[in-house]
Amino acid sequence: MNKPIIALDFSSKTQVEQFLNHFDEPLFVKVGMELYFQEGPELVRYIKSLGHSVFLDLKLHDIPNTVESAMRGLAKLGVDLVNVHAAGGLEMMKAAKRGLADSETQLIAVTQLTSTSEEQMQSDQLIPVTLEESVLHYAKLANQAGLDGVVCSVLEAEAIGAACGTDFLRVTPGIRPANVSADDQKRIATPEQARLQGATHIVVGRAITKSENPAQSYQQIKNEWSDAI
Ligand SMILES: O=c1ccn([C@@H]2O[C@H](COP(=O)(O)O)[C@@H](O)[C@H]2O)c(=O)[nH]1
């Protein structure tokens, strides 16, 4: 079972160091826009030097040539996982993959953000299908482009596994243990539901980073995710 991915949604290296001090084991962490835009590639190299695995969550979405060049740069960071928006299209996803050629970094595509409801998708993006149909369409497109998997909610993980194969990564944010606030997330699930629905990874931010005891919250989520309770 893959380790839960902890979203390091902090704005400074100092906050990251304070948070990581709670742990004495190698972690799988996610560096997103908030942290990367403040601290840049140096911080990513620092986290890797501590022995942690890194998902660099920058969600690239631009013309194919720009995405390919940007990925060529990110490949040098030696991170474990990077992503693009599937809405950028088949050609853009193929270009992203080309940019990562000769690197070990895995590439996944965001389908529909877990903060998006079906109603919002239909009205804001003018997509006249169900949310699951849209997510499945993007997952199949990512698969066709040769990507390693997608970001989706737990609610679509099983259908994506059936359509794209069980090796295809289903990285699922929107994880909320029972009785924890959904905040801005719309498509949420517990760690146990994620396991039962065939998610390959869970991404957990505030339920751990805002906890009074981050190490204990991490361990509880890890146990529930790996069926060790
Ligand atoms: O569809 C998506 C894609 C990325 N995220 C990111 O995951 C974490 C979730 O944080 P929580 O505090 O557990 O809600 C956050 O960094 C998002 O940028 C996502 O939530 N949904």
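The legends below accompany a set of close-up views of one predicted model.

Residues carry numbers that start from 1 along each chain, as its sequence is written. Because the model is predicted, local features need pLDDT of at least 70 and side-chain atom pairs count only at pLDDT 80 or more, whereas totals for chains, interfaces and linings use all residues.

**View 1. The chain as a whole, with its ten helices and eight strands.**
Helices (H or I, at least four residues) and strands (E, at least two) are DSSP runs, numbered from the N terminus. Taken along the principal axes, the C-alpha atoms fill a box of roughly 45 × 40 × 30 Å. The radius of gyration of the chain is 17 Å, which agrees with the value near 17 Å for a compact globule of 229 residues; this radius is taken over C-alpha atoms, and the globule rule is 2.2 Å times the number of residues to the power 0.38. Of the 229 residues, 39% count as buried, where buried requires 20 or more other C-beta atoms within 10 Å of the residue's own, exposed 12 or fewer, and partly exposed a count in between, with C-beta atoms placed from the backbone. Among contacts between residues at least 6 apart in sequence, 65% join residues at least 24 apart; two residues are in contact if their C-beta atoms, placed from the backbone, lie within 7 Å. An unreviewed UniProt entry places the feature "domain: Orotidine 5'-phosphate decarboxylase" at residues 3-221, a span that is 44% helix and 17% strand and whose end C-alpha atoms lie 10 Å apart. UniProt positions are given in the numbering used here, feature names are shortened, and annotations may be inferred rather than shown by experiment.

Strand β3 covers residues 53-60 and includes Lys-59, the residue that the unreviewed UniProt entry lists for "active site". Lys-59 is partly exposed, because 17 other C-beta atoms lie within 10 Å, and, apart from neighbours within four places in sequence, Lys-59 is in contact with Asn-83, Val-84, His-85 and Val-110. Val-54 belongs to strand β3 as well but is buried, with 24 other C-beta atoms within 10 Å. Leaving aside neighbours within four places in sequence, the contacts of Val-54 include Val-29, Val-31, Val-44 and Asp-80. Val-54 and Ile-6 are 48 residues apart along the chain, and their C-alpha atoms are separated by 9.5 Å.

**View 2. The shell of 17 residues around the ligand.**
The closest residues of this shell are Ala-7, Leu-113, Pro-173, Gly-205 and Arg-206, a residue being near a molecule if its C-beta atom, placed from the backbone, lies within 6 Å of it. Strand β8 (201-204) and helix α9 (206-209) each supply at least two residues of the shell. By class, the shell has nine nonpolar, five polar and three charged residues, where Ala, Val, Leu, Ile, Met, Phe, Trp, Tyr, Cys and Pro count as nonpolar, Asp, Glu, Lys and Arg as charged, and the others, Gly among them, as polar.

**View 3. Helix α7 and its buried residues.**
In helix α7 (residues 154-164), Val-154, Glu-156, Ala-157, Ile-160 and Cys-164 are buried. Seen down the axis of α7, these residues fall within an arc of 130°, so they line one face of the helix; the arc is that of the directions from the helix axis to the C-beta atoms. The buried residues pack against α6 (131-144), β6 (149-151), β7 (169-172) and α8 (191-196). Just after α7, Gly-165 takes a positive phi of about 100°.

Not counting residues up to four places away in sequence, Gly-174 touches Thr-114, Ser-153, Val-154, Gln-185, Arg-187, Ile-188 and Ala-189. Asn-179 lies in the loop between β7 and α8 too, but is exposed, with 6 other C-beta atoms within 10 Å. The phi of Asn-179 is near 70°, a positive value in a residue other than glycine.

**View 4. Asp-102 in the loop between α4 (90-99) and β5 (106-110).**
Asp-102 has a positive phi of about 70° although it is not a glycine. Most residues other than glycine have a negative phi. With 6 C-beta neighbours inside 10 Å, Asp-102 counts as exposed.
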